[in-house]
Amino acid sequence: MAKSIASEFTKGLWKEVPPFRLVLGLCPVLGVTTSMKNGIGMGLATTFVLLCSNILVSLLRKVIPAKVRIACFIIIIATFVIVVEQMMQAFAYTLFLDLGVFIPLIVVNCIVLGRAEAFASKNGVVKSTADGLGIGLGFTWALGLLGAVRELIGTGSLKGDVFGLIHWDVPNIFGASFEPFGFAVQAPGAFVILGLLLCAMNLIPSK
Amino acid sequence: MGEMIKMVMVLTILSVISGGGLKGLEEWAKPKIENNVMNLVKGPAIRQILEAADNDPVEDRFKIKDGDQELNIFVGVFGGKADTVVVESSANGFADKVGMVVAINMTDDTLRGMAVTTHKETPGLGAMAKDDPNFSAQFAGKNITDSFGVTNDGGQISALSGATITSRAVCSGINQAVDTYNRLKPQLQEQIKGMGN
């Protein structure tokens with residue numbers, strides 16, 4: 001039993017990391033990863049929603065009638081998304097300004113509804129917690145990595161913090177003569193760099 | 001029949017708990033959010049419109065009663081004379097309310113400038129109302145006796161391409177701010193008389 005809980009957790013971190021392995025949830029992946037800070041912020045917001053909705057859905061899975069389950073899942077998910085939105089406005093307003101419309105869009109993020117429908121509604125609370133946390137953190141590192149690559153190429157440096165707790169500041173790693181490659185932080189650059197990262201991920205076997 | 005009742009019950013109970021909880025959260029978060037908006041969005045926007053002012057318009061603000069609601073008024077001092085007031089207003093845009101601040105020169109009743117503060121418009125289209133300085137610059141210096149409108153509707157403001165609804169919202173927000181200003185003008189003059197010396 002303990003082994004399977006651990007495997008539910010770790011599968012999201014590598015074997016089924018949503019944007020790279022399942023190629024799911026690409027709207028925020030492409031939209032907010034202009035910097036590492038935004039990517040990680042968005043990833044953590046999604047993780048919170050995913051974790052809470054997974055726990056609640058699995059607790060209520062015997063109460064929710066099958067015919068209206070999607071409506072119930074959406075109510076639960078939307079509630080937690082608004083919680084995140086309000087908390088972010090209260091405590092991390094500048095991050096909220098950067099992420100803007102993408103926070104309410106977590107409601108329609110197919111990963112969140114997908115985990116509720118495919119996993120949490122069929123499994124117990126402990127497993128669902130592990131699953132939500134694993135998938136969420138997998139999503140976070142994927143967004144953080146994509147954001148970091150885009151920020152590095154687009155501006156030549158990395159700078160930011162997570163909710164004022166962890167700070168990082170890497171100035172000009174390419175040297176002073178580096179010309180920022182602005183394409184990387186624009187929307188088309190997101191597609192190109194995501195493609196290259198997918199390619200790199202596929203070179204490494206998922207097992 | 002029993003299944004039907006159960007479905008309705010579950011959905012109703014979930015919605016009620018969710019709605020009630022969120023209302024409570026909103027009440028709790030509201031003052032914090034307003035504080036953040038003032039410090040990080042409205043403050044910088046107002047300081048930018050009134051860049052040449054001798055005072056800090058955000059420091060020199062007061063509240064005024066308009067009917068049953070309280071409005072924030074920001075005051076700009078130019079050349080030792082408090083002659084500019086900034087009024088807040090909002091209008092329905094494409095996604096949600098578009099909030100803005102409107103600076104009016106009280107000496108000659110012209111717009112000194114305006115800026116969009118809070119909005120949820122589409123990035124790249126409606127959001128340009130805030131991001132494109134050329135759009136908001138159109139309003140500066142205009143006489144407030146004219147009502148504002150986009151050129152499509154026979155007005156004088158060229159709308160943002162692909163964002164006519166947002167542009168209309170900005171115009172109607174400014175018209176509202178001007179209405180508020182005209183309504184409160186005597187009180188405003190009274191309030192700022194002593195300032196700026």
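Predicted model: local features only at pLDDT ≥ 70, side-chain atom pairs only at ≥ 80, totals over all residues.
Follow the chain on into E5(B) and you will find a strand that is mostly covered, with 6 of its 7 residues buried.

In chain B, 5 strands form an open sheet in the order E1-E2-E3-E4-E5, and the pairing is antiparallel. Strand E1 (61-66) and strand E5 (110-116) of chain B stand at the edges, and each has a single partner strand, so one side of each is left without a neighbour in the sheet. Neighbouring strands of this sheet are turned against each other by 30 degrees on average, direction ignored.

Another pairing to look at joins strand E2 (residues 69-78) of chain B to strand E3 (residues 81-92) of chain B, in the antiparallel sense and over 6 bridges. Within it, B:Ile73 has B:Val87 in E3(B) as its bridge partner.

What packs on this sheet? Helix H1 (residues 2-49) of chain B does, touching E2, E3, strand E4 (97-105) and E5 of chain B. The direction of H1 makes about 150 degrees with that of E5(B). Helix H4 (residues 164-192) of chain B packs on the sheet as well, and this helix touches E1, E2, E3, E4 and E5 of chain B. Its direction makes about 140 degrees with that of E3(B).

With those pieces in place, chain B can be viewed as a whole. There are 4 helices and 5 strands in the chain, and along the sequence they follow the pattern α-β-β-β-β-β-α-α-α. The C-alpha atoms of chain B fill a box of roughly 75 × 40 × 30 Å along the principal axes. Of its 197 residues, 34% are buried. Among contacts in chain B between residues at least 6 apart in sequence, 52% join residues at least 24 apart.

Next, let's cross over to chain A. Here 19 residues of chain B are in contact with 17 residues of chain A. The side of chain B that touches chain A has 10 nonpolar, 4 polar and 5 charged residues. For a view of helices from both chains, look at helix H5 (residues 69-91) of chain A and H1(B): their axes come within 8 Å and cross at roughly 10 degrees. The two helices are therefore roughly parallel to each other. Their contact is made up of 13 nonpolar, 7 polar and 2 charged residues.

H4(A) passes H8(A) in a right-handed crossing. The residues of this contact divide into 16 nonpolar, 14 polar and 2 charged.

Definitions and conventions. Residues numbered from 1 in each chain as written. Chains lettered and ligands numbered in written order. Contact = placed C-beta atoms within 7 Å. Nonpolar A, V, L, I, M, F, W, Y, C, P; charged D, E, K, R; others polar. Buried ≥ 20, exposed ≤ 12 C-beta atoms within 10 Å, placed from the backbone. Pairing = 2+ DSSP bridges. Axes fitted to C-alpha atoms, helices over the stretch in contact; angles between N-to-C directions. Left-handed = near helix turned anticlockwise from the far one by under 90°. Parallel < 35°, antiparallel > 145°, perpendicular 65-115°, else oblique.
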